[in-house]
Amino acid sequence: MDLGFIITIFLIGFIGSYISGMLGIGGSIIKYPMLLYIPPLFGLAAFSAHEVSGISAVQVFFATIGGVWAYRKGGFLNKKLIIYMGASILVGSFIGGFGSKLMSEGGINIIYGILALIAAVMMFIPKKGLDDIPLDQVTFNTWLAAVLAFIVGIGSGIVGAAGAFLLVPIMLVVLKIPTRMTIASSLAITFISSIGATVGKISTGQVEFWPSLIMVIASLIASPLGAIAGKKVNTKILQVVLALLILATAIKIWMDIL
């Protein structure tokens, strides 16, 4: 690895992890296409879809630790939500991460594109009065939360993402969880999910060590900074930024697939 390669990978990890901490996502929805497309633009070595998904899985594990730590105070972490959705998504992501070895690169990209498209549509559904609910009065259907998390886990484990870009719209639109609680809790659930995806990817030899290490260092610096920024930004702005981010990624992925 030369210096240009190291700097490029570090910047991809830093930008993705900052946005991850701010918006409550693992960051793979940003870093997956960045890792796939940016290095070749600068004449650097290109990663395969399997390598990108493996690096993303490991990086998300560390990015979400930093985000959760920054949100640990303030009552934003819903423990019941984290336990139900976390346990389900862990099982699903391990199944997806282990099974992804049997899939082609084109198949992985199509799964990623479908997930991003569903998430983009959900983010544009109106969410009126969501943030008027006091945090200590939030309720949700536990079994629905668990089943949806399991399905998300399988799909996200395949692409090496922790699934937060799908979890966030589900928590906002289906389960009616307030925005800041969604962001904080989804980071914790995403951390649990990334354990399954990471174990699945490492056990099947899909992880490049040095690029993953660079991304991890960037994550541990940037994710807490993003979480601190997210606490100060208006919730409507956070929802719009996330919606546009997911939509742009979905469009880019489908343009390449088609």
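Q: Is Q59 buried or exposed?
A: In this predicted model, Q59 is buried, because its relative accessible area is 0%.

Q: Which helix holds Q59?
A: Q59 belongs to helix 3.

Q: What does the side chain of Q59 make a polar contact with?
A: The partner is the side chain of S219, and the polar contact has a distance of 2.6 Å.

Q: Now to M85: where is M85 placed?
A: M85 is found in helix 4, which covers residues 79-99.

Q: Does M85 count as buried or exposed, and why?
A: M85 counts as buried because its relative accessibility is 0%. The cut-off for buried is under 20% relative accessible area.

Q: How many residues apart along the chain are M85 and W143, and what separates their C-alpha atoms?
A: They are 58 residues apart along the chain, and 9.1 Å separates the two C-alpha atoms.

Q: Changing topic, how many aromatic pairs are found in the whole structure?
A: A search of the whole structure gives 6 aromatic pairs. One of these ring pairs is F61 with F191: the ring centres are 5.1 Å apart and the planes stand at 40°, so the pair is tilted.

Q: Which helices does that pair of F61 and F191 link?
A: F61 is in helix 3 (residues 49-70) and F191 is in helix 8 (residues 179-203). The two residues are 130 residues apart, and the pair thus links distant parts of the chain.

Q: What are the relative accessible areas of F61 and F191?
A: F61 has a relative accessible area of 21%, so F61 is partly exposed. F191 is also partly exposed, with a value of 25%.

Q: What kind of aromatic pair do Y71 and F76 form?
A: Y71 and F76 form an edge-to-face pair, with 6.2 Å from centre to centre and 85° between the planes. Both Y71 and F76 are buried.

Q: Which residues do ring pairs link into a cluster?
A: The cluster consists of F61, F62 and F191, linked by ring pairs.

Q: Which residue lies over the face of W69, and which over the face of F140?
A: R72 lies over the face of W69, at 3.9 Å from the ring centre. K80 lies over the face of F140, at 5.8 Å from the ring centre.

Q: Turning to the surface, which residues form the nonpolar patch?
A: Among them are M1, L3, F209, W210 and I217. Together, the residues of this patch have about 1100 Å² of accessible area.

Q: Which helices each supply at least two residues of the nonpolar patch?
A: These are helix 1 (3-23) and helix 9 (209-232). The largest share, 6 residues, comes from helix 9.

Q: Where is I217, then, and what is the relative accessible area of I217?
A: I217 has its place in helix 9. The relative accessible area of I217 is 43%, so I217 is partly exposed.

Q: One last topic: where does K176 lie?
A: K176 lies in the loop between helix 7 (164-174) and helix 8.

Q: What is phi of K176 near?
A: Phi of K176 is near 60°, which is a positive value in a residue other than glycine.

Q: And what does K176 count as, given its relative accessibility?
A: K176 counts as partly exposed because its relative accessibility is 46%.

Terms used. Residues are numbered from 1 along each chain as its sequence is written. This is a predicted model: local features need pLDDT of at least 70, side-chain atom pairs count only at pLDDT 80 or more; totals for chains, interfaces and linings use all residues. Side-chain values use heavy atoms; hydrogens and water are left out. Patches are made of residues with over 30% relative accessible area and no salt bridge: like charges are joined within 9 Å, nonpolar side chains (Val, Leu, Ile, Met, Phe, Trp, Tyr) within 5 Å. Accessible areas come from the Shrake-Rupley method with a 1.4 Å probe; for residues, only the protein chains shown count as cover. A salt bridge is a side-chain nitrogen of Lys or Arg within 4 Å of a carboxyl oxygen of Asp or Glu. Helices (H or I, at least four residues) and strands (E, at least two) are DSSP runs, numbered from the N terminus. Buried means under 20% relative accessible area, exposed over 50%, partly exposed in between (1.4 Å probe, protein chains only). Rings of Phe, Tyr and Trp (its six-membered ring) pair if their centres lie within 6.5 Å; planes under 30 degrees apart count as stacked, over 60 as edge-to-face and the rest as tilted. A charge sits over a ring if NZ of Lys or CZ of Arg is within 6 Å of the ring centre and within 35 degrees of the ring normal. A polar contact is a pair of N or O atoms within 3.5 Å; within protein, one must be able to donate a hydrogen and the other to accept it, and residues adjacent in sequence count only if both atoms are side-chain atoms.
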